[in-house]
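Reader: I would like a close look at one part of this model. Please take me through the place where the two chains meet.

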Amino acid sequence: MQRSVMVRAVVFLVLTVAAIIYLVPSFVHELPPWWSAYLPTDRIHLGLDLQGGTHLVLEVKVDKAIENTIERLKEDLIKLTREKGIPTTEITRQGTQIRVKLPAAGVEKVKDLLKSDFPTLATINPQSGGGAAEFALVLSEKDLRALRDATVDQSLETIRNRIDQFGVSEPIIQRQGDNDILVQLPGIQDPERAKEIIGKTALLEFKLLDETHSVEQALKTGAPPGTEILYGYGAKGSGNDKVPYLVQSQALMTGEYIADARVRPSSRLEGPYVELVLNSSGARLFERITGENVKRHLAIVLDNKVYSAPVINERIGGGHAQISGQFEMKEARDLALVLRAGALPAPVEIAEERTVGPSLGSDSIRQGVISFIVGSSLVILFMIFYYKGAGVLADIALLFHILFLLAILAVFKAVLTLPGIAGIVLIAGMAVDANVLINERIREELRAGKSARAAVEAGYDRALPAIIDTNVTTFLSGLILFQFGTGPIKGFAVTLCVGILTTVVTAVYMTRIYYDWRISARKLTRISI
Amino acid sequence: MELIKPGTTIPFTKYRHIAIAVSTVINLAVLGMLFFRGPDLGVDFAGGTVVQLRFQQKVTIPDIRAALGPLGEGDVVIQDFGQEGSNEFLIRLEKSTVQLGALNEQLRARLTEKFGQQGFEIRRIESVGPKVGGELRQKGTWSVIAATVMMGVYIWLRFDLRFGLGAVIALIHDVLVTAGALMLARYEFDLTIVAALLTVVGYSVNDTVIVCDRVRENMRKNKREGLEKLINMSINETLGRTIITTGTALLVLFALFLLGGGVIRPFAFALLVGFFSGVYSTIFIASPVILLWEKGKKPAK
């Protein structure tokens, strides 16, 4: 008996020392160098609601990426059928489908072509009759899933790049669910600007102006096939950015060839502009494009907005291009940043935003700490008042529970949120429940005439099943909450679940060490309860 | 000290008919409120934007409304927040920030015009798009239902089916009473409220577990005794600990409610009501349900 008490006491002592060591970094700001070299330095992390910062959930519009892919496949199909001389009546895109109409005679040839050159497309709804045939082409379920995944992953990488360039310390960027990306930016000063930078698609395209038709006509009757109307900046200094342009739908080149983008300061003649440096294949492509289209207008389009449409005076070598669009300096800087970081493969939309200012965070911490001190003091006093010596024992267990709970949060780098603090306060009120059950039981056994020792042993043994059951139920609801919750709520679920484990350990096993020690020393003749 | 003296025998089960009648009326009323008026939904569930503002000087709601002017489409609700004299306000907008576009800048510009740059502080912005709101609402509802059923199944496995059933009905009662109190107090339902409801479910069942545990023990000891008497005996024997365990939790919840700040107050309120209701429902709902079940079974034998 004596040995078992010793062993348990030593285990608790070791746990306590470990807990204190793990907690030191969270409460001491400047750790001495010898500490950092040998001992843990992880702190309890504060959630954005306590620290201040912005939490964003971005929804990646993957359908848009699918439409883009289908659109490209459709263009390729049109080109190939023309090259091979396969007669077709109509090839159009409807949402994420390509609809093909053709004379019945060409069906076999198209099928061969699809098999050899478009392995990802599957044929659905074939119809034929009257010498004509019609069918639709879609991407297979597997390819769609792969495309969706790739789109979200690539978006995440791009957003990570942008945030890195923006300069935020310890951002969290992760995938959430199927199409969402979670972004947390602690301590950020200008959330509006961060949102601008993160949310911009930044798809840069170079498109030729269609000069065979007039814009006015196209505005009235719709754009001719192969062209589209885009709006953008007009003449320099006009400030008008709703000027219509008729451009060819097919982009000659996109922003994927950008090696670097820099802001050039304003001169007396013009405002700041963004200079693009293309990589070597981009430079070759740009040289060819400009060489083939001298004297024509090349529109520089960013996210479907025309920034400028200068005349190509001569073949441009060297891989430099510029975007000037009547910017302010800040705007130009942010644009250069997103172009450097690359375009998003699909537009993103902010589905959820939570921004907390730093002053509110520190207020919340203060209020949380005050309610914790007041609440747990009330519980501690009540227990002493109601159970005397046994109450003191329960209170000591409560203090150890708090120590262990915080230490575990530090070990697992858990994030402490405002609901998490509320959880710690709440658990302080629940922690003594096990002691209440044990003490009531001991009282009962004493009333039944048992000796102090027998009462203690029976008290612990008989109270245990109910203690386990009650804690399991609370733990289960904590697990469901963790599953369901987002950010701050998860913090509550974590403190609830961890706290339940630590209360059982301290309230049941730790207090028992005291009684067993007294019993083994044959000194437990009377219990203060 | 002892709150409940040993040997106390309050005939709780005798009052079960009144208790069940009263609770049924209350629960039906809450259900009626839920369906016909519906709870006030926070931005988490309804979508939209909430902005928390603090002013340096004393400001009235009409002042703020005048300064803001029209902000996007939809209703703009402004209310007091935080302690008396803290000059904090909540502005609730129907649309999310994406729909409104650069809301932060608009707000800042308009407030600066009226109150000066140092005169106010935007302390918090929460904005949820309509789609996310709907999803969260659904997930929240299901998680509360799942937790309730899970508690019932756990008690069924640990004790038996009638106890599990009693516990589930008691929990439904607790969740409804809590929801009703929140609606009456005009607190908005949001994610923290769901967290509170789940905690109520996980904690209220504790008292039921304690009583069930005792009923089982007493059944073994007194094999001949009728169930009603056993249940009554068990409730009386465990009454002290039921009140004290919940009581200590209520102590900290009072502290949280009064001192924890505006964001935590509705959460603490929900837990206060739910835990309190948990004690009541164990005695007056769960136990009678077990009895009714047993009585309903007898004629079939």
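What is the handedness of the crossing of α11(A) and α9(B)?

Author: The crossing of α11(A) and α9(B) is right-handed. Keep in mind that this is a predicted model. Let us build up the picture around that crossing.

Start with the two helices. Two packed helices are described by the angle between their axes and the distance between the axes. For α11(A) and helix α9 (residues 227–259) of chain B, the angle is about 150°. Their axes are 8 Å apart. The angle makes α11(A) roughly antiparallel to α9(B), because angles over 145 degrees count that way.

Now look at the residues. From α11(A), the contact uses Gln367(A), Ile370(A), Ser371(A), Val374(A), Gly375(A), Ser376(A), Leu378(A), Val379(A) and Phe382(A). From α9(B) come Thr248(B), Leu251(B), Val252(B), Ala255(B), Leu256(B) and Leu259(B). Sort the residues of this contact by class and you get 10 nonpolar, 5 polar and no charged.

Next, step back to the whole contact between the chains. Chain A brings 60 residues and chain B brings 59 residues. On the side of chain A that touches chain B, α11(A) gives the most, with 16 residues. Several other elements of chain A supply at least two residues each. Among them are α7 (191–199), β18 (348–356), α12 (418–431) and α13 (433–447). α14 (452–484) and α15 (487–520) also belong to that group. By class, this side of chain A has 33 nonpolar, 17 polar and 10 charged residues.

α14(A) packs with helix α8 (residues 191–221) of chain B at an angle of about 165°. Here the axes are 9 Å apart. That angle makes α14(A) roughly antiparallel to α8(B). The crossing of α14(A) and α8(B) is right-handed. On the α14(A) side, the residues that meet α8(B) include Pro465(A), Asp469(A), Thr473(A), Leu476(A), Gly478(A) and Leu481(A). On the α8(B) side, they include Ala195(B), Leu198(B), Gly202(B), Val205(B), Val209(B) and Asp213(B). By class, the contact of α14(A) with α8(B) has 12 nonpolar, 8 polar and 2 charged residues.

Strands of a sheet pair through backbone hydrogen bonds, either parallel or antiparallel. β18(A) and strand β4 (residues 120–128) of chain B are joined by 5 bridges and run antiparallel. Find Val356(A) to see one of these links. Its bridge partner in β4(B) is Arg124(B).

Follow β18(A) to another partner. Strand β2 (residues 53–60) of chain A pairs with β18(A) in the antiparallel sense, over 8 bridges. Gly53(A) has Val356(A) as its bridge partner in β18(A). So Val356(A) is a bridge partner of both Gly53(A) and Arg124(B).

In chain A, the assignment gives domain 1 (2–51 + 357–520), domain 2 (62–143) and domain 3 (206–327). The centres of domain 2 and domain 3 of chain A are 31 Å apart, taken over C-alpha atoms. Chain B is divided into domain 1 (12–42 + 132–300) and domain 2 (48–128). Their C-alpha centres lie 39 Å apart.

To close, return to where we began.

Conventions:
Residues are numbered from 1 along each chain as its sequence is written. Chains are lettered from A and ligands numbered from 1 in the order in which they are written. This is a predicted model: local features need pLDDT of at least 70, side-chain atom pairs count only at pLDDT 80 or more; totals for chains, interfaces and linings use all residues. Two residues are in contact if their C-beta atoms, placed from the backbone, lie within 7 Å. Helices (H or I, at least four residues) and strands (E, at least two) are DSSP runs, numbered from the N terminus. Ala, Val, Leu, Ile, Met, Phe, Trp, Tyr, Cys and Pro count as nonpolar, Asp, Glu, Lys and Arg as charged, and the others, Gly among them, as polar. Two strands pair if DSSP finds at least two bridges between them. Domain bounds come from an automatic or database domain assignment. Axes are lines fitted to C-alpha atoms, for helices over the stretch in contact, and angles run from 0 to 180 degrees between N-to-C directions. Angles under 35 degrees count as roughly parallel, over 145 as roughly antiparallel, 65 to 115 as roughly perpendicular and the rest as oblique. A crossing is left-handed if the near helix is turned anticlockwise from the far one by less than a right angle, and right-handed if clockwise.
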